[in-house]
2 protein chains.
Amino acid sequence: MTIAEVSKKFGLSQDTLRYYERIGLVPSISRSKSGNRDYSEEDCRWIEFIKCMRNAGLPIEALIEYVTLFQKGDETIAARKELLTEQRKLLVEKMDEMKKTLERLDYKIESYE
Amino acid sequence: MTIAEVSKKFGLSQDTLRYYERIGLVPSISRSKSGNRDYSEEDCRWIEFIKCMRNAGLPIEALIEYVTLFQKGDETIAARKELLTEQRKLLVEKMDEMKKTLERLDYKIESYE
DNA sequence: TTACCACTTGGAGTTAACTCTAAGTCAAAC
DNA sequence: GTTTGACTTAGAGTTAACTCCAAGTGGTAA
């Protein structure tokens, strides 16, 4: 798949896709004979995963670390699990904050009736 | 209340409190005779409100608009309600994304057992 | 064979939200 | 009466996460 196709498929700009690769957030993509990126199925799965995690606000830095660990193989499974568990904890905390704020907004909106 | 007290009370840095005032996110704070900020009870309520909204990720720009409308008096009530309703919608959307990601994280963490 | 278009790279620019610095003022303590 | 420490201001610097730009290349179409 070309960068244009991947960009369209996942709704990420070509610049963002190149940026993610440059910083190591996505494993490096192989090139066609003319030097253009050629995304594999697995590359696409990574991109979809990263997009989902970023949408929920997980920081790029943590995701880079996850990808890096992944590439080091099975001996990093414990570390990967720990990383995800920590991010999960932060996510739940954030959601709790948001829930409180949502209730407050609801109350405020109602009082504007 | 001095800026030091407000900073401690709400866990916002003095720089952040000054910044919020400068950009109009908090109504301007009156000064003591020596020129220092003297926060009233109402100022504190604003700061607590802003902090709560910011913790949930509401953008500063939207909050400035809300404060500005508030200061214009009762004729802006409809606009204020609309603004809050829009932000509420965005908040719910974000929470939905996060919920999906949380489920995915849970699944992934479980599969690492 | 020249024009076009999608791609490449390295690097600079942008945005949101702070955070820090420098130079100065004021009141209280020593 | 000078030093200390909390404050003031304007403005510069930082960080995360993109986004844009310029200069160049490779394949296709007129």
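## Surface near DNA strand C

In this predicted model, α2(B) provides the largest share of the surface near DNA strand C, with five residues. At least two residues each are supplied to this surface by α1 (3-10) and α2 of chain A and by α2 of chain B. DNA strand C has 19 residues around it, and the nearest are A:Arg31, A:Arg37, B:Asp15, B:Tyr20 and B:Arg54. By type, the surface near DNA strand C consists of six nonpolar, six polar and seven charged residues.

Sugar or phosphate makes up 73% of the atoms of DNA strand C within 4 Å of the protein, and bases make up the rest. Two arginines of chain A approach phosphate oxygens of DNA strand C. For A:Arg31, a polar side-chain atom is 2.6 Å from a phosphate oxygen. For A:Arg18, the distance from a polar side-chain atom to a phosphate oxygen is 3.1 Å. A base is also approached: an N or O atom in the side chain of B:Asp15 lies 3.3 Å from a base nitrogen of DNA strand C.

## Surface near DNA strand D

DNA strand D is surrounded by 19 residues, of which A:Asp15, A:Tyr20, A:Arg54, B:Arg31 and B:Arg37 are the closest. Of the atoms of DNA strand D that come within 4 Å of the protein, 75% belong to sugar and phosphate. The largest share of the surface near DNA strand D comes from α2(A), which gives five residues. The elements that each supply at least two residues of this surface are α2 (14-22) of chain A and, in chain B, α1 (3-10) and α2 (14-22). Six nonpolar, six polar and seven charged residues form the surface near DNA strand D.

Both protein chains have polar atoms placed by phosphate oxygens of DNA strand D. In chain A, an N or O atom in the side chain of A:Tyr20 is 2.8 Å from a phosphate oxygen. In chain B, the corresponding distance for an N or O atom in the side chain of B:Arg18 is 3.1 Å. B:Arg37 takes part through its backbone, with a polar backbone atom 2.6 Å from a phosphate oxygen of DNA strand D.

## Relation of the two protein chains

## Nonpolar core

The largest nonpolar core has 66 residues. The members that touch the most other members are A:Tyr39, A:Ile47 and A:Ile50, together with B:Tyr39, B:Ile47 and B:Ile50. In soluble globular proteins, nonpolar side chains tend to be buried together.

Apart from neighbours within four places in sequence, A:Ile50 is in contact with A:Tyr20, A:Leu25, A:Val26, A:Leu63 and A:Val67.

## Individual positions

B:Thr101 lies in helix α5 of chain B, which spans residues 77-111. B:Thr101 counts as buried because its relative accessibility is 0%, where the limit for buried is under 20%. Setting aside neighbours within four places in sequence, B:Thr101 is in contact with A:Cys52, A:Met53, A:Ala56, A:Leu58 and A:Leu91.

B:Ile29 sits in the loop between α2 and α3 (41-55) of chain B. B:Ile29 is buried, at a relative accessible area of 5%. Beyond neighbours within four places in sequence, B:Ile29 is in contact with B:Glu21, B:Arg37, B:Asp38, B:Tyr39 and B:Asp43. B:Glu113 is 84 residues from B:Ile29 along the chain, and their C-alpha atoms are separated by 54 Å.

A:Glu75 is in the loop between α4 (60-71) and α5 (77-111) of chain A. A:Glu75 counts as exposed, since its relative accessibility is 70% and the limit for exposed is over 50%. From A:Glu75 to A:Lys94 the separation is 19 residues in sequence and 31 Å in space, C-alpha to C-alpha.

Conventions:
Residues are numbered from 1 along each chain as its sequence is written. Chains are lettered from A and ligands numbered from 1 in the order in which they are written. This is a predicted model: local features need pLDDT of at least 70, side-chain atom pairs count only at pLDDT 80 or more; totals for chains, interfaces and linings use all residues. Side-chain values use heavy atoms; hydrogens and water are left out. A residue is near a molecule or strand if one of its heavy atoms lies within 4 Å of it. A polar contact is a pair of N or O atoms within 3.5 Å; within protein, one must be able to donate a hydrogen and the other to accept it, and residues adjacent in sequence count only if both atoms are side-chain atoms. Helices (H or I, at least four residues) and strands (E, at least two) are DSSP runs, numbered from the N terminus. Ala, Val, Leu, Ile, Met, Phe, Trp, Tyr, Cys and Pro count as nonpolar, Asp, Glu, Lys and Arg as charged, and the others, Gly among them, as polar. A nonpolar core is a set of buried Ala, Val, Leu, Ile, Met, Phe, Trp, Tyr and Cys residues joined through side-chain atoms within 4.5 Å. Buried means under 20% relative accessible area, exposed over 50%, partly exposed in between (1.4 Å probe, protein chains only). Contact means heavy atoms within 4.5 Å.
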